[in-house]
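Thanks for asking me to look this one over. Here are my notes, in the order I would read them with the model open beside me.

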Amino acid sequence: MIVARLAKQVMEHEEGMNHLWVRIELPRVGSITDVRLTVDLPEGVHRSPNLNGCPETDRGAILLGDSPEDHDVFLELYTEEAAACGRTELRIAVEYKDGETEVRAVQSISLELKAEDDTEDWPIDKEVVDRVKALQCRLQDRAAEPAREFVILPTIIRQRSGDFVDWEKKYRIDYCFNHR
């Protein structure tokens, strides 16, 4: 149900950055509603709002809607100040309603925080990196599309007397028909 992968299994314990890809595969049967994703991070590790642009609650739950389709969610993880080095776990939970039943699934993924000197030789999950780049390109393309704007011009009303001005006598088509 939950497949989670990190771009790097190791992250710098101070001023480090990483990306998390969470794939949620929901059952195709039933009436699935109110799909939510929460990610519990270890102390010292933070995340920015999800890269997909899905709405989030003030408690950090990502709202995925009422769709039973599979979801890919991308998160940017970072450390600001020095966090404790060592192996830690991220807990990922998916909650949804299937009719009247509330379903909750939890998955843990391991992350190791190390000093900057120790993180250089760790492999990078190329598929996660490629998917994040593809998402960012799609979002940039959407942002670059010109927005359709409608400009409503007010009608111009001029006060006129019943008499035609000299230039109107020369150039108006309807002048000669009305005053013969």
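**Notes on the fold, the core and the pocket**

1. Let's begin with the strands. β4 and β8 run antiparallel to one another, paired over seven bridges. This is a predicted model, in which local features need pLDDT of at least 70 and side-chain atom pairs count only at pLDDT 80 or more, while totals for chains, interfaces and linings use all residues. Residues are numbered from 1 along each chain as its sequence is written, and side-chain values use heavy atoms, with hydrogens and water left out. Two strands are called paired if DSSP finds at least two bridges between them.

2. Now the overall layout. The protein has three helices and nine strands, and along the sequence they follow the pattern β-β-β-β-β-β-β-β-β-α-α-α. Both kinds of element are DSSP runs numbered from the N terminus: helices are H or I with at least four residues, strands are E with at least two. Of the contacts with a separation of 6 or more, 70% join residues 24 or more positions apart; a contact means heavy atoms within 4.5 Å.

3. β8 and β9 are antiparallel over 13 bridges, with Glu102 of β9 as the bridge partner of Lys97. These two strands form a hairpin with two residues between them, and Gly99 in the turn has a positive phi of about 70 degrees. β2 and β9, on the other hand, pair in the parallel sense over three bridges; Glu12 has Lys114 in β9 as its bridge partner.

4. Which residues touch the most other members of the largest nonpolar core? They are Leu20, Val22, Leu37 and Ile92, in a core of 27 residues. The elements giving two or more residues to this core are β1 (2-6), β3, β4, β6, β7 (71-79), β8 and β9. Such a core is a set of buried Ala, Val, Leu, Ile, Met, Phe, Trp, Tyr and Cys residues joined through side-chain atoms within 4.5 Å. Apart from it lies another core, of seven residues, including Ala7, Leu51, Val132 and Leu135. In soluble globular proteins, nonpolar side chains tend to be buried together.

5. Leaving aside neighbours within four places in sequence, Ile92 is in contact with residues including Ile2, Ala4, Leu20, Val22, Leu37, Val39, Val106 and Ile109.

6. On burial, 31% of the 180 residues count as buried. Buried means under 20% relative accessible area, exposed over 50%, and partly exposed in between, using a 1.4 Å probe and protein chains only. His13 sits in the loop between β2 (10-12) and β3 (17-24) and is buried because its relative accessible area is 16%. Beyond four places in sequence, the contacts of His13 include Thr79, Glu81, Cys85, Leu113 and Lys114.

7. Two backbone angles deserve a second look. Most residues other than glycine have a negative phi. Glu15, in the loop between β2 and β3, has a positive phi near 55 degrees; Glu15 is exposed, with a relative accessible area of 64%. Asp34 lies in strand β4 and also has a positive phi, of about 55 degrees. At 29% relative accessibility, Asp34 is partly exposed.

8. Finally, what lines the largest pocket? The lining is made of Asp34, Arg36, Glu95, Tyr96, Lys97, Glu102, Val103 and Arg104. A pocket, on a 1 Å grid over the protein atoms alone, is an open set of points where a 1.4 Å probe fits, with protein on both sides within 12 Å along at least five of seven lines; lining residues have an atom within 4 Å of a point. β4 (32-40), β8 (86-98) and β9 (101-114) each supply at least two lining residues. By class, the lining has two nonpolar, no polar and six charged residues, where charged means Asp, Glu, Lys and Arg, nonpolar means Ala, Val, Leu, Ile, Met, Phe, Trp, Tyr, Cys and Pro, and polar covers the others, Gly among them.
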